[in-house]
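Open the model in your viewer and keep the selection panel at hand. This tour goes from stop to stop.

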Amino acid sequence: MRIMKKIPFLLSVLVVVMCLIACSKVPKEDRQTEISRELQTQDNVQIPESQRTETEEEKETENEPETEGIAVFNLENGTVRLNSGYEMPVAGLGTYALSHDECVASVTALFENGGRLIDTASFYGTEKSVGEAVRNSHVSREEIFVTTKLYPNQFSDAEAAIDKALETMDIEYIDLMLLHHPGARDVEAYKALEQAVRDGKIRSIGLSNWYIEELEEFLPQITITPAVVQNEIHPYYQEKDVVPYIQELGIVVEGWFPFGGRGHTAELFGDEVIVAIAAAHNVTPAQVILRWNLQRGIVVIPGSSNPDHIRENLDIFGFELTEEEMGQIAELDRGEKHEWY
C-alpha cells in the first residue's frame, strides 16, 4: 500500500526532471542553429533577411564596392585626386606646336613659377623636350605630373609605343597616358595601357576626345575606368552635357584649347562679358577663363612659350568668380568647336 501511494509522487518528480532536461536542450539547439548560419555564410549561401544578424549585415556592407563620386578640386593646394589614387595638379602647360628649345624653356618656366603639370603627346613631337626639361630641373620627380598620348596610328602595337614613349622621355614612369582620340583597335590599345599600369610603367590612364556616345560604347569593354577624359573646352564650346556626364562617372575632365585655340584667342580675350569680369577682379581675361574652368571642375592646360603668360596662367587661385559671373560666362556658349575631333 505504501508503494502504491508513492507512485503518483514519483511520477510527478519524473515529469519535473524531464521538463528540466528538455529546457536545458534549447540553448544547445540554438547554438546549432548559429553554427549552421555561420557555415552557410562561409559557403556563400544566401541567408534570409529575417535570419541575418547585425554582424552579418555589417560584413556585407564592408564588402560592397565603393561608388565613385565626382572628384573634388582642392583649390588650396591646386590638385585633384584621381580615381587611380594619384594627385594631379589642376593647372599646367600644354606643349602643342612648340619647338624643342621653346618647349624646354616653357617647361622650365612652368617649374620656376610653381607649376607641375605638363601635357605632351607623340603627335606633338615634344616628348623628348619635356623629358629633357624634367630631368634637368631641380624639382623632385614625384612632384611632377607628365601626361602623354598614343595616336591612333600607334594603336596596332600599343605596347611598343608605350615603351617608346618611356624611352623618349626617360623620366622613369608616365603619370598619365591617354588615347589621343578614337580609332581602329582603340579598345586593344587601352588594354595595353591597363597592362602597363599593372607593370608599373604608367600610373594613370585615360582618353582624349571621347564624348558621350563614344564612352557609352567604349567603357563596357575595358577594365580600368579612365582617370581623365581630355576634350576641347572653352567659353564658346562648353560641353554642358558631356562634362557632368563624365564627372558623374568619377572621371576628371581636362580641357584643351581653354582660350579657343590659335586664331580664336583674340576674340575670346576681347569678349565684353569676360573683359568686364576681369576688370571687376583686377585680373586678365585669360585668368578669368581658366578660373571659370576650375570652378566647373575642369583641369586646364593652356599652351604658351611666353614666360610671363605661363606665370599669369598659374596665378588663378587668389580670386573666385561669383555665381552670377559663372552664369554670364555660361551664356556665351555657342557650341562652336574649333577642331575636328
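Begin with the lining of the largest pocket: by class, it has 11 nonpolar, 13 polar and 4 charged residues. Here Ala, Val, Leu, Ile, Met, Phe, Trp, Tyr, Cys and Pro count as nonpolar, Asp, Glu, Lys and Arg as charged, and the others, Gly among them, as polar. The model is predicted: local features need pLDDT of at least 70, side-chain atom pairs count only at pLDDT 80 or more, and totals for chains, interfaces and linings use all residues. Residues are numbered from 1 along each chain as its sequence is written, and side-chain values use heavy atoms, with hydrogens and water left out.

**Stop 1: the largest pocket**

Select Phe-257, Pro-258, Arg-262, Pro-302 and Gly-303. Of the 28 lining residues, these lie nearest the centre of the largest pocket. On a 1 Å grid over the protein atoms alone, a pocket is an open set of points with protein on both sides within 12 Å along at least five of seven lines; a cavity is a set where a 1.4 Å probe fits but cannot get out; lining residues have an atom within 4 Å of a point. The volume of this pocket is about 520 Å³. A volume is the space filled by probe spheres set on the points, with grid points joined across faces, edges and corners.

Now colour α9 (265-269) and α12; each supplies at least two residues of this lining. Which helix gives the largest share of the lining? It is α12, with 3 residues. Helices (H or I, at least four residues) and strands (E, at least two) are DSSP runs, numbered from the N terminus.

**Stop 2: the largest cavity**

Select the lining: Gly-92, Leu-93, Leu-110, Pro-302, Ile-310, Asn-313 and Leu-314. By class, 5 are nonpolar, 2 are polar and none is charged. The cavity's volume is about 30 Å³. The count is 1 cavity of 30 Å³ or more.

**Stop 3: the second largest pocket**

Select Asn-77, Gly-78, Thr-79, Pro-89 and Arg-116. They lie nearest the centre of the second largest pocket, which is lined by 22 residues. Its volume is about 340 Å³. The lining has 9 nonpolar, 6 polar and 7 charged residues.

**Stop 4: a sheet**

Keep Thr-79 selected. It stands opposite Pro-89 in β3. Strand β2 (residues 79-81) pairs with β3 in the antiparallel sense over 3 bridges. Two strands pair if DSSP finds at least two bridges between them. Show the whole open sheet: 3 strands in the order β1-β2-β3, with antiparallel pairing.

**Stop 5: charges and rings**

Select Asp-119 and Lys-149. They form a salt bridge, with their closest N and O atoms 2.7 Å apart. The pair links distant parts of the chain: Asp-119 is in strand β5 (residues 117-119) and Lys-149 in strand β6 (residues 145-150), 30 residues apart. The structure holds 12 salt bridges (a side-chain nitrogen of Lys or Arg within 4 Å of a carboxyl oxygen of Asp or Glu).

Next, find Arg-141. Its charged end sits over the ring of Tyr-173, 4.0 Å from the ring centre. A charge sits over a ring if NZ of Lys or CZ of Arg is within 6 Å of the ring centre and within 35 degrees of the ring normal.
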